[in-house]
Amino acid sequence: MADSERRTRQAGWNLGTGDPATVLAEARKALFVMVGFLAILWIVQIANWADHYHLTDSYGIRPRDIGSLPYILTAPFLHVSWTHIEGNSGPLFIFGFLAAYRGVTKFFGVTALVILTSGVAAWLFESPGSVGVGASGVVFGYFGYIMVRGFFDRHPIDMLIGAVMALCFAYQFSVLLPQQGIGWQAHVGGLAGGVLAGWIFRDRRTGPPRRTSARPGTPGAIGKKTTAHPVDPARAELHKQLDDLGL
């Protein structure tokens, strides 16, 4: 093993590429999941449009209204116009795929968290009398997750992806500032949830193998001065089994 590779592994960093077959399989799943997600959004939009957007009024988030708290879960699937859903669909697909290609199971956990954080932020802080809907809070959640995932997982490739996404979509940060008619509170809540998800769902790595002290009669004890004692076969066998287990 090269010195540079050894130092990288000791520091806990890796390229983050993983097994190519596994990464490709997860990427396929991520693609199907995001196509399905968008299909659901557009089917709901067609039904909402046909019903003159009554679904938006009935199942959107009404700030500080206890009765609308459950609608935190439905609001991301509703939009107020065709322009609204068109504007969300592209970034949602791109960020969602990038968030999911490392593992679809983890992605579902990330999605649940950013829906909650963006929805709670909208419920707590948006203007009274408004109705909050749209997937933009989830978009910002995926955005935040992608930007920090590489750092928490110690994957340089994912850090590069996060940096590129931040540069390419830097204009999105403008809607994190207070603006009339834009649910910026949900955007901020989603972004915070994405960063939190990066930490909660980070890769957990086990530490280096535990070192064990050499015992008399084992290879590690060669060259050491030991006191001669009668060898108990049963005890020697027990020590051997413990050594094999790394204990």
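This is a predicted model: local features need pLDDT of at least 70, side-chain atom pairs count only at pLDDT 80 or more; totals for chains, interfaces and linings use all residues.
Local features need pLDDT of at least 70 and side-chain atom pairs 80 or more, while totals for chains, interfaces and linings use all residues. Residues are numbered from 1 along each chain as its sequence is written, and side-chain values use heavy atoms, without hydrogens or water.

Start with helix α7, residues 156-168. Helices are DSSP runs (H or I, at least four residues), numbered from the N terminus. D158, G162, M165 and A166 of α7 are buried (under 20% relative accessible area, 1.4 Å probe, protein chains only; exposed is over 50%, partly exposed in between). Seen down the axis, these buried residues fall within an arc of 100°, so they line one face of α7. The arc is that of the directions from the helix axis to the C-beta atoms. L160 and L167 are exposed on the other side.

D158 also takes part in a salt bridge, with R149 (3.7 Å, N to O). A salt bridge puts a side-chain nitrogen of Lys or Arg within 4 Å of a carboxyl oxygen of Asp or Glu. Both D158 and R149 are buried. R102 joins them in a network of salt bridges.

The structure holds four salt bridges. K29 pairs with E26, with the closest N and O atoms 3.4 Å apart. These two lie three residues apart in helix α2, so about one helical turn separates them. K106 pairs with D203 at 3.0 Å between the closest N and O atoms. That pair links distant parts of the chain, 97 residues apart: K106 is in helix α5, D203 in the loop between α8 and α9.

Notes: The expected span of a helix is 1.5 Å times one less than its number of residues.
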